[in-house]
Amino acid sequence: MNDLWRLPFEKVEALTFPVYRQDLPERSLFYTPGYLVMVNADYVDEFLEQLNSAHPVLQTARKLQDYGKSAAQSWEFQFKDMKFEPLCLTLYTSQRCNLNCSYCFSQDAQEPLEADLDIGFILSAAKTVIENCKKEGAPFTLVIHGGGEPTLDQRLPQLMAEVEQLVSRSGIGFFRYLATNGVMPEETAHWAVQTFDEIGLSCDGMPEIHAIQRPLKNGKNSIPWVEQTAKVIKAAGKALHIRVTVTSQTMRQMPEIASYLYGTLRADEVRVEPVFQGRRSGQGAEITDELAEDYFSSFMRARNIAGSYNKRWISTGVQLEGIHSRYCQVFRRVLHLVPGDGISACFKMSGRRQAEDKDLDISNANRTGVDAQRVRMLQSILAQEDAACENCVNHYHCARGCPDRCPHDPASSGEDGLRCRINRLMTTAFLQERAEALKPYLHHYPTAGCTLRGGQS
Ligand code: SF4
Ligand code: SF4
């Protein structure tokens with residue numbers, strides 16, 4: 001890859017929709033979420049006039065306008081209108097875990113575990129979400145996740161059967177997702193592949209990495225279990241989605257990790273996240289801000305390996321395919337129940353006690369549902385923008401350093417952290433990559449454009 005990804009994208013001023021511009025030798029790029037245009041340098045002024053026009057004759061300018069206006073509208077809908085009628089129910093049913101991950105951000109070993117989620121509480125929440133889905137004609141999404149390992153909860157088969165009954169009575173679609181560490185008996189893995197539409201498996205890479213980062217409670221390596229579960233998922237014909245946490249110790253090994261995950265485990269898609277600044281990540285796992293370029297170049301090499309398998313290696317913090325911001329549940333229309341029968345505004349809370357301590361529990365006074373006023377108050381805090389984000393090319397698709405940077409936690413404030421730096425590098429590189437395919441068109445036309453979900457015009 002050349003060095004052009006180092007050149008910044010600047011926001012084009014005086015437009016009523018978002019467009020970002022990067023000037024390269026002999027050409028310029030114009031980008032809005034979903035659409036990219038390359039313009040010959042001697043045609044840029046004319047193109048800007050077209051962009052400003054109410055009815056551009058040039059198709060590429062018209063499309064840039066349409067995509068830009070649609071991105072701005074989606075943003076308003078998700079983050080300004082702030083409707084909180086959840087269409088997804090996420091459950092951390094218990095805090096029990098069979099691993100002892102070196103960077104765990106969940107419970108501390110010294111703290112007593114919180115009570116498992118009550119089944120009646122879950123079913124009542126499921127009914128609320130199902131009603132919202134019916135109203136909007138949307139499918140119901142159930143996510144079983146962990147503030148521990150969810151398959152350790154023996155009540156899961158009963159719970160899934162009861163929710164299944166509720167959904168089938170309502171006549172709407174049902175999408176079931178399980179996030180697991182993969183450490184489970186083989187028969188549980190068979191049950192899981194038959195029960196869930198999609199399973200996300202956490203795996204940080206080769207056996208030697210797993211031995212250190214994700215050991216069993218007894219100190220042994222958990223990788224044989226993970227490999228077994230991956231095999232069961234593949235044998236059932238399901239896509240294997242893997243989530244990798246990258247630490248300072250594994251950051252430069254991303255290409256080898258990719259080879260292992262695609263070659264040995266036969267992964268279909270891998271999502272990559274730098275380790276959160278958690279309770280234990282201070283113990284040498286954390287990646288410091290100045291390592292952003294090293295992280296980026298290792299990520300891109302791993303991505304090339306994924307490409308050689310015709311698979312995707314994705315960064316979770318910046319996703320050009322959609323409109324997104326921080327991971328707060330109060331913006332994603334997710335009702336998130338946590339052990340201790342709490343309702344959390346934040347994905348990172350592993351239990352009610354923690355959510356209450358951080359002032360992120362959104363239960364109402366009699367604990368039967370959500371406190372709407374509190375949700376609105378949190379939404380207005382969590383929607384706050386850093387000045388740097390306002391004009392950034394990633395404005396419409398960046399997690400804004402979450403969870404390391406959180407507007408609700410003043411101690412975590414600060415700009416230009418690791419995640420921000422990585423996200424800017426990645427977006428510029430991804431756009432450069434797509435722009436390469438447009439170059440030949442500029443021999444015949446003054447502009448060439450492509451959508452960022454495949455097609456080209
Ligand atoms: S850490 Fe803060 S910004 Fe991130 S999801 Fe939680 S509440 Fe939202
Ligand atoms: S956090 Fe950084 S990359 Fe993300 S929108 Fe803000 S300035 Fe841009």
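Here are some friendly exercises on the structure above, each with a worked solution.

This is a predicted model, in which local features need pLDDT of at least 70, side-chain atom pairs count only at pLDDT 80 or more, and totals for chains, interfaces and linings use all residues. Residues are numbered from 1 along each chain as its sequence is written, while chains are lettered from A and ligands numbered from 1 in the order in which they are written.

**Exercise 1: the whole chain**

Find how many helices and strands the chain has, and work out why it counts as compact as a globular protein of its length.

Solution. Start with the elements: there are 14 helices and 14 strands. Helices (H or I, at least four residues) and strands (E, at least two) are DSSP runs, numbered from the N terminus. Next, take the radius of gyration, which is 23 Å; the globule rule gives 23 Å for 457 residues, so the chain is as compact as a globular protein of that length. The radius is taken over C-alpha atoms, and the rule is 2.2 Å times the number of residues to the power 0.38. Then look at the box filled by the C-alpha atoms, roughly 65 × 50 × 45 Å along the principal axes.

Of the 457 residues, 43% count as buried. A residue is buried if 20 or more other C-beta atoms lie within 10 Å of its own, exposed if 12 or fewer, and partly exposed in between, with C-beta atoms placed from the backbone. Among contacts with a separation of 6 or more, 69% join residues 24 or more positions apart. Two residues are in contact if their C-beta atoms, placed from the backbone, lie within 7 Å.

**Exercise 2: a pair of helices**

Describe how helix α5 and helix α7 cross, and name the residues that make the contact.

Solution. Two packed helices are described by the angle between their axes and the distance between the axes. Here α5 covers residues 186–195 and α7 covers residues 223–235; their axes come within 9 Å and cross at roughly 35°. Axes are lines fitted to C-alpha atoms, for helices over the stretch in contact, and angles run from 0 to 180 degrees between N-to-C directions. The crossing is right-handed, a term used if the near helix is turned clockwise from the far one by less than a right angle (left-handed if anticlockwise).

Now list the residues: α5 gives Glu186, Ala189, His190 and Val193, and α7 gives Gln228, Thr229, Val232 and Ile233. By class, these are four nonpolar, three polar and one charged. Ala, Val, Leu, Ile, Met, Phe, Trp, Tyr, Cys and Pro count as nonpolar, Asp, Glu, Lys and Arg as charged, and the others, Gly among them, as polar.

**Exercise 3: around the ligands**

Work out which residues surround ligand 2 and which come nearest to ligand 1.

Solution. A residue is near a molecule if its C-beta atom, placed from the backbone, lies within 6 Å of it. Around ligand 2 you will find Asp386, Ala388, Cys389, Cys392, Asn394, His395, Cys398, Arg400, Gly401, Cys420, Asn423 and Arg424. The elements giving two or more residues to this shell are α13 (387–390) and α14 (418–436), and α14 has the largest share, three residues. The shell around ligand 2 holds five nonpolar, four polar and three charged residues.

Ligand 1 has 13 residues around it, and Cys328, Cys346, Cys402, Pro403 and Cys406 come nearest. Its shell divides into ten nonpolar, one polar and two charged residues.

**Exercise 4: backbone details**

Locate the cis peptide bond and describe the backbone of arginine 400 and aspartate 341.

Solution. The bond from cysteine 402 to proline 403 is cis, with omega near 5°. Proline 403 sits in the loop between α13 and α14, and arginine 400 is found in the loop between α13 and α14 too. Arginine 400 has a positive phi near 55° although it is not glycine, and it counts as buried because it has 27 C-beta neighbours inside 10 Å.

Aspartate 341 lies in the loop between β12 (334–338) and β13 (342–343). Its phi is positive, about 55°, and it is not a glycine. With 19 C-beta neighbours inside 10 Å, aspartate 341 counts as partly exposed.
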